[in-house]
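Walk me through the side-chain packing of this model. Take the ring pairs, the charged pairs and the nonpolar cores in turn.

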Amino acid sequence: MENGNPLPHRNIDASPAASDRALQAALHDYARRWPAEAGCVDDFLVLLADHDDPFVRERLAGHFTASAWLVDRGGTRILLTHHRKLGLWLQLGGHADGDRDLARAALREAEEESGLAGLRVVPGIFDLDRHRIPEHKGVPAHWHHDVRYVVWATGDENFVVSDESHALAWRDIEALAEDEGADASLRRMAVKWLEHPASA
């Protein structure tokens, strides 16, 4: 971020070692900013160090995913998807599918799932969440280690619903933070956004 403004994401093909070192540094920085989540960060660092590629969905012992906290230009609303597979209102995101640059993966997922152009990803991890994905169509239950990034909408906010969603909707972040029926990690991110805007 520069002068409070998100930087455009640079499409740089770094070596796996360089990409992994960058993610490792970002995880350590996240632990510094959110010391209460140090245990969660340790889980992510252990996965990152695994020799069995943790960036592909075929690794059913657990793998990385990337998500976007996609906010409107004013920073007061978040774009959510009613996820077709899980049946829940969630942030946009999905599998890295081998991309070791998770910020780039989050931006790609946001673009594909929203149909919005001109999105900008903010370097640095906004949130981490490790959660269990239930068995679905023969794919066994497994762990997602989800790395979340802030993504800003900078242009037209008229989204297009993709095949992965039942629906999309802009939600007021303050209302989301107080919604006891919302996904717990969504509420956590909403509170983070409202209480610690510098972290965004």
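**Side-chain packing**

Trp193 is buried, with a relative accessible area of 9%. Buried here means under 20% relative accessible area, exposed means over 50%, and partly exposed is in between (1.4 Å probe, protein chains only). This is a predicted model: local features need pLDDT of at least 70, side-chain atom pairs count only at pLDDT 80 or more, and totals for chains, interfaces and linings use all residues. Residues are numbered from 1 along each chain as its sequence is written, and side-chain values use heavy atoms, with hydrogens and water left out.

Start with the rings. A pair of aromatic rings is described by the distance of the centres and the angle of the planes. Rings of Phe, Tyr and Trp (its six-membered ring) pair if their centres lie within 6.5 Å; planes under 30 degrees apart are stacked, over 60 edge-to-face, and the rest tilted. The structure holds six aromatic pairs. One of them joins Phe44 and Phe64, tilted, at 6.2 Å centre to centre with 40° between the planes. Phe44 sits in helix α2 (residues 38–48) and Phe64 in strand β1 (residues 63–71), so this pair ties together parts that are 20 residues apart in sequence. Helices (H or I, at least four residues) and strands (E, at least two) are DSSP runs, numbered from the N terminus. Phe44 is buried at 0% relative accessible area, and Phe64 is buried at 1%.

Trp152 and Trp193 form a tilted pair too, 5.7 Å centre to centre and 55° between the planes. That pair links distant parts of the chain: Trp152 in strand β6 (residues 142–152) and Trp193 in helix α5 (residues 184–195), 41 residues apart. Trp152 counts as buried, at 15% relative accessibility. Ring pairs join Trp69, Phe126, Trp152 and Trp193 into a cluster.

Charges also sit over rings (NZ of Lys or CZ of Arg within 6 Å of the ring centre and within 35 degrees of the ring normal). Arg130 lies over the face of Trp143, 3.7 Å from the ring centre. Lys192 lies over the face of Trp34, at 4.5 Å.

Next, the salt bridges. The criterion is a side-chain nitrogen of Lys or Arg within 4 Å of a carboxyl oxygen of Asp or Glu. The count comes to 20 salt bridges. Asp53 and Arg100 meet in one, at 3.3 Å, N to O. Asp53 lies in the loop between α2 and β1, and Arg100 in the loop between β3 (89–95) and α3 (102–114), so the pair ties together parts 47 residues apart in sequence. Asp53 is partly exposed, at 26%.

Arg148 bridges to Asp129 at 3.9 Å, N to O. Arg148 is in strand β6 and Asp129 in strand β5 (residues 127–133), so parts 19 residues apart in sequence are tied together. Arg148 is buried at 2%; Asp129 is buried at 13%. Arg148 also forms a salt bridge with Asp146, with the closest N and O atoms 2.5 Å apart. Shared partners join Glu37, Asp127, Asp129, Asp146, Arg148, Arg188 and Lys192 into one salt-bridge network.

Last, the cores. A nonpolar core is a set of buried Ala, Val, Leu, Ile, Met, Phe, Trp, Tyr and Cys residues joined through side-chain atoms within 4.5 Å. The largest has 35 residues, and Phe64 is among those with the most contacts inside it. Helix α3 gives this core its largest share, six residues. Another core, of 16 residues, lies apart from it and includes Val71 and Val150.
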